[in-house]
Amino acid sequence: MTTTALPDTPQHYDAVIIGAGSIAAEDELCLRALVKANPHMLIIAADGGADTVAAWGLNPNYIIGDFDSVSKKPHDHRNTIALPVHKDETDMHEALTLAWQHGARRIALFGALGGRIDHTLANIQLLSYVAAAGGNGTLLHNGQAITVITQGSLRFPTWLGTAGHMVSVLAHSDTATNVTIDGLLYEAQLDLINTHAQGVSNEFVHGKAAHISVEQGLITVTWHIGKPVEKSPAELAALLTPQWSTSRPYQVEAFGTLNTQTSSYYSA
């Protein structure tokens with residue numbers, strides 16, 4: 001597999017994927033703030049996400065999916081990629097593959113939480129796939145964010161909001177070693193295991209920047225920024241895009257190619 005060592009990790013999102021999961025009223029504000037921070041961002045609608053981008057008046061670069069959750073199949077879009085219903089990977093996985101093929105290394109995902117619990121869990125699993133390949137994926141919904149990092153860190157800007165906005169750090173792999181948490185209400189340097197929910201309900205501290213890192217293994221980090229409507233686009237982009245770094249090599253071919261074939265396991 002081809003790998004590329006990149007010393008400078010992107011400090012904005014290269015791509016955004018809008019899926020068919022739950023969409024909150026303020027998600028549009030967050031997405032537009034991220035696009036304003038990087039006007040060249042690749043925009044991909046995954047299946048029912050096509051309805052969302054249409055409602056928001058956005059013109060995605062691609063629409064991809066089996067279109068079982070969209071109101072009308074988008075045949076008229078210039079870059080529509082139809083997938084079989086009975087396939088080995090989810091629509092979101094194939095959307096990530098498409099983003100990866102275009103060189104995206106840091107990817108925001110809307111419409112990836114809520115709705116079916118199996119899809120929510122699968123999307124969190126996909127974050128670990130991205131992290132292991134030397135990238136960073138973040139699920140965003142209603143001012144809340146979920147990401148997975150490995151052999152790296154997140155640095156949050158100085159928190160100027162009110163206290164009480166939660167940050168949680170959990171082991172995603174069996175073991176996460178030398179996890180460091182600085183600048184939050186609870187500070188620690190410890191090892192975490194995924195059979196013990198230690199690390200839940202930490203908090204940002206007014207006037208302090210925060211730093212979370214892991215030496216080995218995967219950790220899931222969740223955080224809440226408050227009400228997006230109360231923040232400027234620049235503030236939203238900064239809070240939803242903490243500074244990310246990793247020593248993990250960038251695996252250019254990690255996602256392979258798009259799979260547009262019916263699953264060989266399909267028995268009907």
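Thr147 is buried, with a relative accessible area of 1%; buried means under 20% relative accessible area, exposed over 50% and partly exposed in between, using a 1.4 Å probe and protein chains only. Thr147 sits in strand β8 (residues 144-156). Helices (H or I, at least four residues) and strands (E, at least two) are DSSP runs, numbered from the N terminus. This is a predicted model, in which local features need pLDDT of at least 70 and side-chain atom pairs count only at pLDDT 80 or more, while totals for chains, interfaces and linings use all residues. Residues are numbered from 1 along each chain as its sequence is written, and side-chain values use heavy atoms, with hydrogens and water left out.

**Surroundings of Thr147**

- The side chains of Thr147 and Asn136 are joined by a polar contact of 2.8 Å. A polar contact is a pair of N or O atoms within 3.5 Å; within protein, one must be able to donate a hydrogen and the other to accept it, and residues adjacent in sequence count only if both atoms are side-chain atoms.
- Leaving aside residues up to four places away in sequence, Thr147 touches Leu127, Asn136, Gly137, Thr138, Leu154, Ile219, Thr220, Val221 and Trp223. Contact means heavy atoms within 4.5 Å.

**Strand β8 and its partners**

- Strand β8 is largely enclosed by the rest of the structure, because 11 of its 13 residues are buried.
- Strand β7 (residues 136-141) runs antiparallel to β8 and is joined to it by 4 bridges. Two strands pair if DSSP finds at least two bridges between them.
- Leu139 stands opposite Ile146 in β8.
- The hairpin of β7 and β8 has 2 residues between the strands, and Asn142 there takes a positive phi near 55°.
- With strand β13 (residues 210-224), β8 pairs in the antiparallel sense over 12 bridges. The bridge partner of Ala145 in β13 is Trp223.
- Strand β14 (residues 243-246) is also antiparallel to β8, with 4 bridges joining them. Ser153 stands opposite Ser245 in β14.

**Positive phi values in strands**

- Gln151 lies in strand β8. Its phi is positive, about 45°, although Gln151 is not a glycine.
- Gln151 counts as buried at 18% relative accessibility.
- Asn178, in strand β10 (residues 175-182), has a positive phi near 55° and is likewise a residue other than glycine.
- Asn178 is partly exposed, with a relative accessible area of 25%.

**Strands β3 and β4**

- Strand β3 (residues 42-46) and β4 run parallel and are joined by 3 bridges. Ile44 stands opposite Tyr62 in β4.
- From strand β4 (residues 62-65), Tyr62 and Ile64 point one way and Ile63 and Gly65 the other way, and all are buried.

**Helices α1 and α5**

- Two packed helices are described by the angle between their axes and the distance between the axes.
- The axes of helix α1 (residues 27-37) and helix α5 (residues 233-240) come within 8 Å and cross at roughly 90°. Axes are lines fitted to C-alpha atoms, for helices over the stretch in contact, and angles run from 0 to 180 degrees between N-to-C directions.
- Leu29, Cys30, Ala33, Leu34, Lys36 and Ala37 of α1 meet Pro233, Leu236, Ala237 and Leu240 of α5.
- The buried residues of α5 are Leu236, Ala237, Leu239 and Leu240, and they pack against α1, β7 and β13.
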